[in-house]
Amino acid sequence: MSNERLADVVASIIEAADEIKGKENRDSQDYGQLLAYAEALSIIRDACDPDVRKEIGLDFDIDKRYL
């Protein structure tokens, strides 16, 4: 998978996670989805070299942002 395509996937996951994070009244289902998105982003981040992380938009603390 190209880094460009991977960046698109990461952007989609971040968009979905940010939407949930922005809700005023999150329920347990929302928290579960947010946890799943954060885990997916963590898996992708851990599989990438540091220079690629920045290129695909994962150069931030995922846990701090979402959990």
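Is Met1 exposed or buried in this model? At 76% relative accessibility, Met1 counts as exposed, where exposed means over 50% relative accessible area, buried under 20% and partly exposed in between (1.4 Å probe, protein chains only).

Before going on, a word on how to read the values. This is a predicted model, in which local features need pLDDT of at least 70 and side-chain atom pairs count only at pLDDT 80 or more, while totals for chains, interfaces and linings use all residues. Residues are numbered from 1 along each chain as its sequence is written, and side-chain values use heavy atoms, with hydrogens and water left out.

**The start of the chain**

Met1 sits in the segment before α1 (3-21). Helices here are DSSP runs (H or I, at least four residues), numbered from the N terminus. From Met1 to Arg45 there are 44 residues in sequence and 14 Å in space, C-alpha to C-alpha.

**Helix α2**

Helix α2 covers residues 28-47, and Ser42 belongs to it.

The buried residues of α2 are Asp30, Leu34, Ala38, Leu41, Ser42 and Ile44. They cover an arc of only 165° around the axis, so they lie on the same side of α2; the arc is taken from the directions from the helix axis to the C-beta atoms. An α-helix has 3.6 residues a turn, so residues three or four places apart point the same way. The face turned away from the buried side of α2 carries the exposed residues Ser28, Gln29, Ile43, Asp46 and Ala47.

What do the buried residues of α2 pack against? Their partners are α1, α3 (50-56) and α4. Ser42, buried at 10% relative accessibility, gives a local example: leaving aside neighbours within four places in sequence, Ser42 is in contact (heavy atoms within 4.5 Å) with Ile62 and Asp63.

**Salt bridges**

Side chains of opposite charge can pair when their charged atoms come close. The structure holds three salt bridges, each defined as a side-chain nitrogen of Lys or Arg within 4 Å of a carboxyl oxygen of Asp or Glu.

| Salt bridge | N to O distance |
|---|---|
| Arg65 and Asp18 | 2.9 Å |
| Asp30 and Lys23 | 3.1 Å |
| Asp46 and Arg45 | 3.3 Å |

Arg65 is partly exposed at 34% relative accessible area, and Asp18 is partly exposed at 31%. Asp46, for its part, is exposed at 55%.

**Around Phe60**

How many aromatic pairs does the structure hold? There is one aromatic pair, counted when ring centres of Phe, Tyr or Trp (its six-membered ring) lie within 6.5 Å, with planes under 30 degrees apart called stacked, over 60 edge-to-face and the rest tilted. The rings of Phe60 and Tyr66 have centres 6.4 Å apart and planes at 75°, so the pair is edge-to-face. Tyr66 is buried, at 1% relative accessible area.

Arg65 also takes part here: Arg65 lies over the face of Phe60, at 4.6 Å from the ring centre. A charge sits over a ring if NZ of Lys or CZ of Arg is within 6 Å of the ring centre and within 35 degrees of the ring normal.

Methods:
Helix = DSSP H or I, 4+ residues; strand = E, 2+ residues; numbered from the N terminus.
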